[in-house]
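Have a look at the model first, then read on.

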Amino acid sequence: MTLPVRRGRGPVSGWAPFRELEELRTRTDRLMHSASPFPGSGFPRTEAGAWAPSADVEDTEDAYLMELEVPGADRDRITVETGDGELDIHGEIKEKERTGVLRRQARHVGQFDHRTSPPPDVDTGGITAESADGVLTVRVPKVEKARPHRIEITG
């Protein structure tokens, strides 16, 4: 973070401490989102200008449950796709029309993109997604592990 430039002996003009705090928060959020939700899968990639929503990942016995914060997103504007070993969730949150003057905006609007490479033990054909109360829940089922069994020798 850069310090404001002081000109003359008067008060600092043009210095916006809240804007600088918001920029620091945005940078910190980007750093926190750079860790992939699935272990060992590297860093998620986003398209230029897109942001990555906050996400929780729960590893259950039979699936990975991803919960992404997308308040105000219409489910028709969200796409969940798989291909080339990646899970890609992207969409758009439209800015709502306002009648008054917007004094502060802390929520994200515009294009969002969340990409990750799931572990090899998942069934990509069985992925489901549902949206409720501003949270998109994506269920990525695990494949059944092969159970050991005894093979009888003949002959």
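A residue is called buried under 20% relative accessible area, exposed over 50%, and partly exposed in between (1.4 Å probe, protein chains only). This is a predicted model, where local features need pLDDT of at least 70, side-chain atom pairs count only at pLDDT 80 or more, and totals for chains, interfaces and linings use all residues. Residues are numbered from 1 along each chain as its sequence is written, and side-chain values use heavy atoms, with hydrogens and water left out.

**Salt bridges**

- There are 6 salt bridges in the structure, each being a side-chain nitrogen of Lys or Arg within 4 Å of a carboxyl oxygen of Asp or Glu.
- R115 pairs with D88 at 3.4 Å, N to O. R115 sits in strand β5 (residues 110-116) and D88 in strand β4, so this bridge ties together parts 27 residues apart in sequence. Strands here are DSSP runs (E, at least two residues), numbered from the N terminus.
- D88 counts as buried because its relative accessibility is 10%.
- R115 also meets D113, at 3.1 Å, N to O, and D113 is buried too, with 1% relative accessibility.

**The R77 network**

- R77, E92 and K94 are linked in a network of salt bridges.
- Within it, E92 and R77 meet at 3.8 Å, N to O.
- R77 is partly exposed, at 39% relative accessibility.

**A pocket lining**

- The second largest pocket has 18 lining residues, with K94, K96, R98, R107 and V109 nearest its centre. On a 1 Å grid over the protein atoms alone, a pocket is an open set of points where a 1.4 Å probe fits, with protein on both sides within 12 Å along at least five of seven lines; lining residues have an atom within 4 Å of a point.

Key: Helices (H or I, at least four residues) and strands (E, at least two) are DSSP runs, numbered from the N terminus.
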